[in-house]
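Here is a short report on one protein model. Take a look at the structure first, then read on.

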Amino acid sequence: MNADLMQRLADCEQSNKRMKKLFWLQALILLSVVAWFTAKPTQAQAPESGIIKAKEIVIVDNKGIVRARLGGNLPDAVMDGKVTPRGSNAAGLLIFDEEGTERGGYVTQDNGSNAMITLDSKHKQLALFVAGPEGEASALRLWNKDNSIELRSDTNGSRMSVSDQNGVKLQLPEIKPLNESTCKYFADLEKKYPGKNICRNKYSKEACDPCMQ
């Protein structure tokens, strides 16, 4: 009887030792896991809580059609199935209609650093609101086919201009003569694009003609 009791006690001691080893092993594993999660934040526990960093976010409707695009390097515009280059990398927000056609945007451009809001029909741009980077110029332009009206303020002054296919037909107050830098700018454009009369899209014939001589 005593021998049997002694054997049972010995078995209990061995079992107790094994349980202690298992407990400490589990405790060590648990502490290691806790320490790892504490030292290394996961994606859900980002260092800057509440901030999402992405190159582009695309919003689609229930039909899978793109309705908005927010990005740091926006693609060129597509109208009537044709790609229209923006002329510079643009970053900001584009909006699209129920057919996925671009209808406007709120963007900044790398080339010139202008900030602008544009509104488009399904076929072409119809409204532009733009601000220069140094406060030297701002403008709001609305147009339909060959007719347009523009409010502009720049180094030549502030004015309202009404234009048709032949150029400015009413400007209040009329800007003339043009300052030297503006005159040279449009004279250079005329040499580069002969016959386009680009100056007449912004100023009267009386203001532009002296610059072209």
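## The sheet

In this predicted model, 10 strands form an open sheet. Their order is β1-β2-β5-β6-β7-β8-β9-β10-β11-β12. The pairing is antiparallel.

Which strands stand at the edges? They are β1 (56-60) and β12 (167-172). Each has a single partner strand, so one side of each is left without a neighbour in the sheet. Neighbouring strands of this sheet are turned against each other by 15° on average, direction ignored. As a rule, strands of a sheet pair through backbone hydrogen bonds, either parallel or antiparallel.

Strand β7 covers residues 115-120, and strand β8 covers residues 125-131. The two pair in the antiparallel sense. Six bridges join them.

One residue shows how the pair lines up. Which residue in β8 is the bridge partner of Met-116? That partner is Val-130.

## Two disulfides

How many disulfides does a search of the whole structure find? The search finds two. A disulfide is a covalent bond between the sulfur atoms of two cysteines. Number the bonded cysteines of the chain in sequence order, and the pairing reads 1-4, 2-3.

## The link of Cys-183 and Cys-211

Cys-183 and Cys-211 form a disulfide. Their sulfur atoms lie 1.8 Å apart. The angle about the S-S bond is -115°, and the link is left-handed. This pair links distant parts of the chain, 28 residues apart. Cys-183 sits in helix α2 (residues 180-192). Cys-211 sits in the segment after α3 (205-208).

Cys-183 has 17%, so Cys-183 counts as buried. Cys-211 has 8%, so Cys-211 is buried as well.

## The link of Cys-199 and Cys-208

The other disulfide is formed by Cys-199 and Cys-208. Here the sulfur atoms are 2.1 Å apart. This link is left-handed too, with -85° about the S-S bond.

Why is Cys-199 called buried? Its relative accessible area is 2%, which means that Cys-199 falls under the 20% cut-off. Cys-208 is also buried, with a relative accessible area of 2%.

Key
Residues are numbered from 1 along each chain as its sequence is written. This is a predicted model: local features need pLDDT of at least 70, side-chain atom pairs count only at pLDDT 80 or more; totals for chains, interfaces and linings use all residues. Side-chain values use heavy atoms; hydrogens and water are left out. Two strands pair if DSSP finds at least two bridges between them. Helices (H or I, at least four residues) and strands (E, at least two) are DSSP runs, numbered from the N terminus. Axes are lines fitted to C-alpha atoms, for helices over the stretch in contact, and angles run from 0 to 180 degrees between N-to-C directions. A disulfide is a pair of cysteine sulfur atoms within 2.5 Å. Buried means under 20% relative accessible area, exposed over 50%, partly exposed in between (1.4 Å probe, protein chains only).
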